[in-house]
Amino acid sequence: MEYLTPLPPAEQIQQDLQICELFTDLLTPVLQHLVERVQYIRLGAGEVLFRQNDPSDALYVVVHGNLRVTMEKPDGTEAFVADLEAGQPVGEMQILTGGQRTATVIATQETTLVRLEKSTFEHLIQESPQTVTHLTNIVRRRLMRNQLLALLPELFGIHTEVAWRDIGDLVEWVQLGDGQTLFRQGDIGDSMYIVVNGRLQVVVETQHGDFEIVGELSRGELIGEVSMFTHEGRTATVRSVRDSVLARISKPVFERITRQYPQMMFAITETLIDRLRNDMRRHRRLAGSIPKNIAVIGHRKDAPVGEFCRRLVQSLRTYSSVLYLNNESLDQMIGWSGAAGLAVKDPYNIRLITWLDDQEIKYDFLVYEADPGITAWTERALQQADLVLILAEPHTDPSPGAIEMAFLSHFNRITLAQKALVLIHPPDTVSPSGTRLWLAERTVASHHHLRGLSEEDIDRLARIISGRAIGLVLGGGGARGLAHIGVIRALQEAGIPIDVIGGTSAGAYIAAQYAMGWDHDELYRQNKAILGHYSVIKDLTLPVMALLSKRKIDKLMQNIFGERRLEDLWINCFAISCNLSNSDTIIHRTGPVWEAIRATTALPGVVPPVIKNHQVYIDGGVLDNLPAGVIRKMARGLVISVNVIPDEEMMIRCETPDLPSPWTVLWHWLNPFQKALQVPNLVHIIMRTQVIRSINQGQVAAMEADIYLKPPIDDFGLLEFTAIDQLVQTGYEYAKTQLDAWEHSDQFEDTLALILSERFRRFLKVSAYERTPLEDS
């Protein structure tokens with residue numbers, strides 16, 4: 001690198017600066033200030049201007065020549081970014097926002113540049129804030145355009161720089177403030193949009209006039225392409241969760257681009273086909289449904305927000321890149337003091353916003369640690385958030401804290417971001433309690449229980465937040481549901497965690513016990529004692545509503561689950577029942593556990609229904625015996641489904657061609673010299689009838705799961721609870737064999753990479769994400 005002297009005349013320097021967009025419209029006094037402080041340098045072909053991660057000490061403008069910009073990827077390979085010609089700035093982002101160089105710049109031929117030192121801009125910030133705002137606005141527009149161009153190869157299959165520039169010149173820019181609406185349900189679609197940065201919510205108005213959030217969209221998502229093609233009304237309302245930037249492509253512009261670049265139409269068609277296929281499988285995972293920015297606030301000032309954030313970041317970093325920001329670290333990273341305390345209306349605010357936008361591209365997650373009190377930084381963290389974690393200790397007053405009242409209440413809400421309540425219990429807590437009091441005081445999308453700040457619980461929360469949760473769905477099937485205990489043992493031995501669990505009937509019964517904190521050993525011991533000698537005959541009653549006694553069944557469930565409530569269980573759990581009064585599927589996520597399990601196991605005609613608020617609730621297997629779709633709405637990630645209902649059953653095995661009379665059956669049963677006739681009894685017929693719909697939907701249930709298990713327990717009876725040892729062992733051996741076979745299959749490398757952290761990959765070495773069918777053949 002050679003510094004050139006003497007410098008050109010002032011008029012020439014001014015011309016060399018003004019060929020760059022940054023300096024075109026500067027006021028004369030400001031321009032003269034810069035002219036007096038420039039340097040000229042010359043690079044020979046192959047010389048390095050600066051390298052990635054070097055400190056940012058100057059801004060450059062190419063006068064003539066050419067520079068190549070490259071970036072080192074995390075895997076160590078080099079990626080081409082751009083070629084810079086005369087008039088283009090180099091290193092402007094870091095000078096205005098702070099930080100290290102993000103790329104390496106090398107001259108491809110002899111190149112002359114104007115150099116402006118960082119100190120010159122620091123002086124300018126003090127003397128002319130409006131100039132800095134002007135420059136930063138230009139830099140932000142350039143950043144947005146570069147962000148858009150970086151998305152085009154993946155979105156549209158376009159890989160030439162000329163095409164990128166053509167498209168970048170034709171789009172219209174749309175900037176939405178927090179809570180603003182992009183379009184409304186029913187609006188005629190005349191354009192599509194690309195989310196360049198920010199986050200948006202997709203809201204659908206139901207037939208009852210209610211509004212349901214059906215998804216969220218973030219960087220790289222397409223919006224409105226179907227309505228643009230069909231020119232029909234929008235199917236949903238889209239509004240911003242936080243400040244967002246989108247590129248609008250009108251239909252005429254789209255037609256013009258696709259005529260010139262036909263591959264764009266093929267790419268969008270492929271996107272639509274994939275979306276349709278995924279919707280048909282109910283298997284779509286939008287990247288935007290995973291939060292990018294996570295703000296953590298304390299319910300009270302003494303909540304352990306700092307330590308919690310550090311441990312959460314550590315867990316997230318096992319499989320993602322994470323930037324951890326708090327009041328102190330922000331100033332150090334950005335390179336100028338007072339950044340964290342900037343008010344939204346401060347003239348320097350645009351510098352901070354631009355820097356934060358840039359970080360969202362570099363990192364998978366940004367974790368914002370809010371201040372203990374109501375400060376500008378706390379407000380900033382909440383406005384940037386896609387997800388707000390409210391940290392609380394259960395022994396304190398559950399009323400909303402000061403930060404919640406100031407920024408998250410109905411009257412003072414500054415963000416549409418979803419909220420989650422995180423309750424930190426003392427490490428020796430046996431069972432949480434009182435959660436309903438906390439949920440009654442605030443509206444949250446989810447809640448989570450932690451034993452202190454244990455690594456296991458924070459890892460679980462990190463997986464749920466990052467879309468890597470592992471959900472286990474257990475199907476109903478009477479006594480055959482005891483095989484679920486063996487499946488859980490196999491999963492635990494394989495090191496596969498269970499982050500969310502639920503099911504129907506017997507599956508919900510086992511799921512609730514696991515969510516209480518019982519491991520597979522405890523599940524076996526307890527159920528061996530409860531059901532190992534159970535006989536239906538002991539609980540028979542006058543068959544007015546059902547064959548079994550309501551009082552005895554109620555007492556059994558109360559003895560097992562006590563006063564626990566679903567919202568108090570250590571991990572999120574649900575049970576499915578059917579509201580016989582209005583034919584609705586009911587998802588139990590709160591309320592007494594025993595009552596939910598009573599409802600989901602209320603087999604019509606056998607077990608008495610549950611009556612609540614004048615409504616009749618029965619076994620959920622009538623409508624959904626394997627509810628994988630429910631667990632997908634609760635947490636994003638991997639879904640493992642276990643089906644214990646045989647596809648074929650109730651074969652008649654007797655010598656007579658027709659169904660024998662009840663007296664004949666009784667005689668064969670009583671006579672020791674006669675072989676008992678193998679015919680279905682009343683209970684078997686009722687139970688089989690209720691799951692026929694679920695059996696017919698078996699393919700759908702299998703498609704909803706990523707891993708589908710079907711233990712070979714067809715030879716066990718629906719009421720054969722005394723066979724618990726064999727059922728548990730059969731479930732265990734089957735699941736273990738299937739998991740072992742899966743680990744050594746060609747599909748194994750394509751299953752869980754985006755799900756499990758490094759600590760679990762020692763058990764399951766994976767690298768991609770695809771459903772693996774494990775049906776018993």
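The model is predicted, so local features need pLDDT of at least 70 and side-chain atom pairs count only at pLDDT 80 or more, whereas totals for chains, interfaces and linings use all residues. Residues are numbered from 1 along each chain as its sequence is written, and side-chain values use heavy atoms, with hydrogens and water left out.

The chain holds 27 helices and 32 strands. Helices (H or I, at least four residues) and strands (E, at least two) are DSSP runs, numbered from the N terminus. Of the 777 residues, 54% are buried. Buried means under 20% relative accessible area, exposed means over 50%, and partly exposed lies in between (1.4 Å probe, protein chains only). A contact is a pair with heavy atoms within 4.5 Å. Among contacts between residues at least 6 apart in sequence, 76% join residues at least 24 apart.

Helix 12 spans residues 349-362. Its 14 residues reach 20 Å from first C-alpha to last, close to the 20 Å expected at 1.5 Å a residue. The expected span is 1.5 Å times one less than the number of residues. Helix 12 is largely enclosed by the rest of the structure, because 12 of its 14 residues are buried. Among them are W355, L356, D357 and D358.

Two helix pairs were examined. Axes are lines fitted to C-alpha atoms, for helices over the stretch in contact, and angles run from 0 to 180 degrees between N-to-C directions. Angles under 35 degrees count as roughly parallel, over 145 as roughly antiparallel, 65 to 115 as roughly perpendicular, and the rest as oblique.

The axes of helix 17 (residues 483-493) and helix 19 (residues 520-531) come within 9 Å and cross at roughly 160°. Helix 17 is therefore roughly antiparallel to helix 19. Their crossing is left-handed, meaning that the near helix is turned anticlockwise from the far one by less than a right angle (clockwise would be right-handed). Helix 17 contributes I485, I488, R489 and Q492 to the contact, and helix 19 contributes H520, L523, Y524 and N527. These residues divide into 4 nonpolar, 3 polar and 1 charged. Here Ala, Val, Leu, Ile, Met, Phe, Trp, Tyr, Cys and Pro count as nonpolar, Asp, Glu, Lys and Arg as charged, and the others, Gly among them, as polar. An α-helix has 3.6 residues a turn, so residues three or four places apart point the same way.

The axes of helix 18 (residues 506-516) and helix 20 (residues 550-561) come within 11 Å and cross at roughly 25°. These two helices are therefore roughly parallel. Y509, A512, Q513 and M516 of helix 18 meet M557, I560 and F561 of helix 20. This contact divides into 6 nonpolar residues, 1 polar and no charged.

Several loop residues were also examined. The peptide bond from T5 to P6 is cis, with omega near -5°. P6 sits in the loop between strand 1 (2-3) and helix 1 (10-18). N53 is not a glycine, yet has a positive phi of about 80°. Its loop joins strand 3 (48-50) and strand 4 (58-64). N53 is partly exposed, at 48% relative accessibility. N613 also has a positive phi, near 50°. N613 lies between strand 28 and strand 29 (615-619) and is exposed, at 62%.

V607 occupies the loop between helix 21 (593-600) and strand 28 (610-612). V607 is buried, with a relative accessible area of 11%. Its C-alpha atom is 5.4 Å from that of L548, which is 59 residues away along the chain.
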